[in-house]
Amino acid sequence: MTLKYIASILCFAPWIVGSEESLPVCSETEVSFFGSKPVVAKKACKIEESSKSDIEIKAGYFFFASPRMRDVYNSGGADVQVSGAWGFWHWLRLYGSVEYLQRSGHAHTKEVPIFIEEDSSTIWEIPISLGLQARFTHALTHSSKKISGYFTIGPKYFFAHVHNRSHYVDRSMNQNGLGGFLNVGMAVALTSHWMVDCFGEGSYCKLHFKSSHEAAYGHNVQVGGITFGGGFGYIF
Amino acid sequence: MCNWKTGMDMMNRTLRCLFGCFAVFLSCVGGENIYAEETGVGLIGGFVGSTPAAYGAIVVNGSVSSNILSASTSLNSVALNDLGVGLVGGAHSGVYSVVSHNGVSTTVTPITPDQSASRLNYVAINSSGVGLIGGTDASLNTYVAVVSGGVATAVSNLILGSVIEGVAISDSGMGIIGGSYRISAGPLAYAALVSGGVASSNLLALDANSEILSVAINSSDVGLIGGYDTAGGAYVAIIYNGTVYPLSLSLSGSIESVAINDSGVGLIGGIGNGGAYAARLVISGTTATVTPIPGLPTGNALIYSVAIDSYGAGIIGGRDGNNTAFAALVDNLAVPTTIDTSLGSGSIIYSASINDFGFGLIGGIDGTGLAYAALVDDQGVPTRLVQHTGQITSVSLSNYASVPITISGFRLNDDFVVVSELFNVLSWNNPLPQQIASYQLLRNGTLIALLGSNATSYEDHNRLCTETDVYILNAYDALDNLLGTASITIYGK
């Protein structure tokens with residue numbers, strides 16, 4: 001068989017999950033005949049633009065960027081998110097997510113490490129993200145699957161709640177504020193509607209906690225951090 | 001029917017026995033008589049040398065300090081309270097001093113104004129360090145003064161010409177004096193309460209040839225006086241709310257010494273019918289149950305001195321019928337345990353004292369021209385302390401612990417990141433595990449914690465970063481006697 005198959009060539013660029021219609025664009029070869037002799041000419045790799053939308057459920061592991069926060073909140077780290085993206089122009093999408101994360105640990109006593117049950121503390125946060133996402137996609141050779149990469153940036157609103165198990169500081173403290181985030185990831189469309197995703201995200205937000213307890217001191221802390229995780233989404 | 005007081009007595013005896021056995025065990029293990037438990041700090045006084053010079057010394061756990069006095073006369077009376085503050089009084093040359101012992105060193109400060117021309121026969125001091133001294137002034141007039149902060153203030157309204165034979169002062173500052181004054185028919189017993197620097201009128205209405213030889217008062221201002229009355233009989237009376245309530249002893253002789261503790265249990269001693277006499281009193285209001293102590297020496301014997309501790313156990317000292325020193329511990333059931341001093345003829349115990357640690361202190365002469373003083377453990381075993389030429393006239397054994405409590409502390413930051421608080425961590429040693437029953441912890445003069453005997457640390461939370469905290473830790477025994485104190489300052493930034 002002289003006909004060559006369509007070969008897939010992977011490109012080193014972000015990919016975006018696209019629609020069925022845009023699937024064979026990057027890795028095609030073009031076959032023509034010069035007399036009876038076929039001539040194969042490869043077409044240049046092309047990144048597809050896509051403006052499709054999706055909704056996704058993500059789970060990940062979160063840790064604080066601040067070393068002081070990591071000292072105290074040194075266990076837990078579950079992070080769940082519901083996110084959605086709306087493609088509104090070529091490769092650009094509007095991204096939004098609501099997230100919940102929690103970590104726990106013990107108060108850090110300087111000079112002498114005294115970790116007792118009463119000094120334990122838990123923090124949970126509900127960050128709400130809004131951003132612009134650039135995404136690019138590429139069809140996999142020998143497969144109907146598509147792989148895509150994305151990059152998201154935008155503001156992030158944080159609501160944080162801290163519960164301290166101590167008689168000597170505020171047992172319950174709330175604070176909220178505005179920060180920002182940056183998110184990169186890679187997704188694979190398993191079918192025309194379902195996809196899996198892996199991502200990494202960094203966030204930053206500084207909050208000032210005020211203490212109402214006598215002789216306890218509230219502090220400015222950076223409640224953002226880094227999340228690694230994966231997700232499962234629906235494309236429509 | 002169960003008598004709860006008897007039950008308490010039995011419990012106290014049992015505890016004492018256990019402590020005593022422990023002390024003996026440690027003593028045996030050590031192979032020498034080193035006290036493994038706290039004996040309390042004592043003060044002994046008298047004179048030294050054939051040309052008498054004042055002698056005073058601090059006794060700490062069986063060890064005796066060198067002479068803390070330098071006067072060329074004798075010391076007549078010593079008293080030491082549970083803070084380690086004492087008074088000494090004697091005749092001439094400035095032997096009228098406040099003695100302060102801090103567990104390590106001793107400070108002697110002469111009383112002002114100058115008392116060097118006076119003769120102070122008796123001194124007493126209360127738990128606050130307020131003292132009462134009695135004797136004669138430079139003109140040989142009756143002299144009684146309240147001593148506070150090292151300054152003596154003469155008491156007014158005394159009967160001039162009276163001889164003071166005993167003084168005592170309660171923790172509330174109520175004083176009591178006793179003695180006699182001379183009338184043509186002979187001495188007439190004199191007793192008065194001292195309050196606010198003024199003596200009451202004579203509380204007694206005895207006839208001539210009576211005398212008060214000893215007085216005592218407890219923290220409830222219940223007084224006890226003893227001596228002899230007109231009929232030549234031993235006399236003892238309770239002083240309650242300023243009124244005298246004589247007790248019927250039906251005893252010829254005299255009461256030479258009386259003692260009363262804060263629970264209203266008393267001990268009296270003197271000369272009785274044909275020998276030494278001593279009895280334990282359980283005072284209730286204006287009356288008392290008198291239980292004579294059995295088995296005391298007969299003949300020419302007498303009890304010179306008695307003392308009682310907060311638990312109701314006592315000590316008595318004097319001489320037996322053979323003119324040999326006699327001393328005994330007296331338990332809560334008035335049962336005596338003779339102290340074997342191993343002294344010969346001519347020896348006498350002039351003074352005896354006992355503290356709440358179960359230790360006793362006795363002093364006198366050994367019959368060979370040497371002074372005698374001994375620390376007595378709760379089994380009645382004496383350890384001789386001195387044997388210089390001279391005499392021990394007065395002894396006082398306090399509940400002041402000789403081992404200081406050492407306390408350390410530092411400030412930490414309890415950091416929850418979003419919020420933090422500062423706290424001070426205090427820790428201390430317990431030098432008296434058998435005696436300390438509780439602690440009080442004060443911060444900047446305010447009580448912040450009552451702690452049990454096992455406590456050796458404390459965390460004081462929510463401190464301000466700029467605040468300096470001064471902590472005082474007071475250790476108490478089961479009867480709330482102050483055993484020791486320690487302090488530390490933690491500075492703020």
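A salt bridge is a side-chain nitrogen of Lys or Arg within 4 Å of a carboxyl oxygen of Asp or Glu. The legends below refer to a predicted model.

**View 1. Salt bridge between A:Arg68 and B:Asp415**. The side chains of these two residues, A:Arg68 and B:Asp415, meet with an N to O distance of 3.1 Å. Across the interface of chain B and chain A, the rule finds 1 salt bridge. Residue pairs in polar contact between the two chains, both at pLDDT 80 or more, number 8.

**View 2. Elements of chain B that touch chain A**. Two or more residues each come from β33 (407-415), β34 (419-428) and β37 (457-463) of chain B. The largest share of this side, 6 residues, is given by β33(B). Sorted by class, the side of chain B that touches chain A holds 10 nonpolar, 4 polar and 6 charged residues.

**View 3. Strand pairing between β6 of chain A and β33(B)**. Strand β6 (residues 108-109) of chain A runs antiparallel to β33(B), and 2 bridges join them. Within this pairing, A:Thr109 stands opposite B:Asp414 of β33(B).

**View 4. Contact and buried area between chain B and chain A**. In chain B, 20 residues are in contact with 31 residues of chain A. Between them the chains bury about 2000 Å², with 63% of that area on carbon and sulfur atoms. On the side of chain B, the residues losing the most area to chain A are B:Phe416, B:Val417 and B:Val418, which together make up 35% of what that side buries.

Key: Residues are numbered from 1 along each chain as its sequence is written. Chains are lettered from A and ligands numbered from 1 in the order in which they are written. This is a predicted model: local features need pLDDT of at least 70, side-chain atom pairs count only at pLDDT 80 or more; totals for chains, interfaces and linings use all residues. Side-chain values use heavy atoms; hydrogens and water are left out. Contact means heavy atoms within 4.5 Å. Buried area is the accessible area (1.4 Å probe) that two parts lose on being put together, summed over both. A polar contact is a pair of N or O atoms within 3.5 Å; within protein, one must be able to donate a hydrogen and the other to accept it, and residues adjacent in sequence count only if both atoms are side-chain atoms. Helices (H or I, at least four residues) and strands (E, at least two) are DSSP runs, numbered from the N terminus. Ala, Val, Leu, Ile, Met, Phe, Trp, Tyr, Cys and Pro count as nonpolar, Asp, Glu, Lys and Arg as charged, and the others, Gly among them, as polar. Two strands pair if DSSP finds at least two bridges between them.
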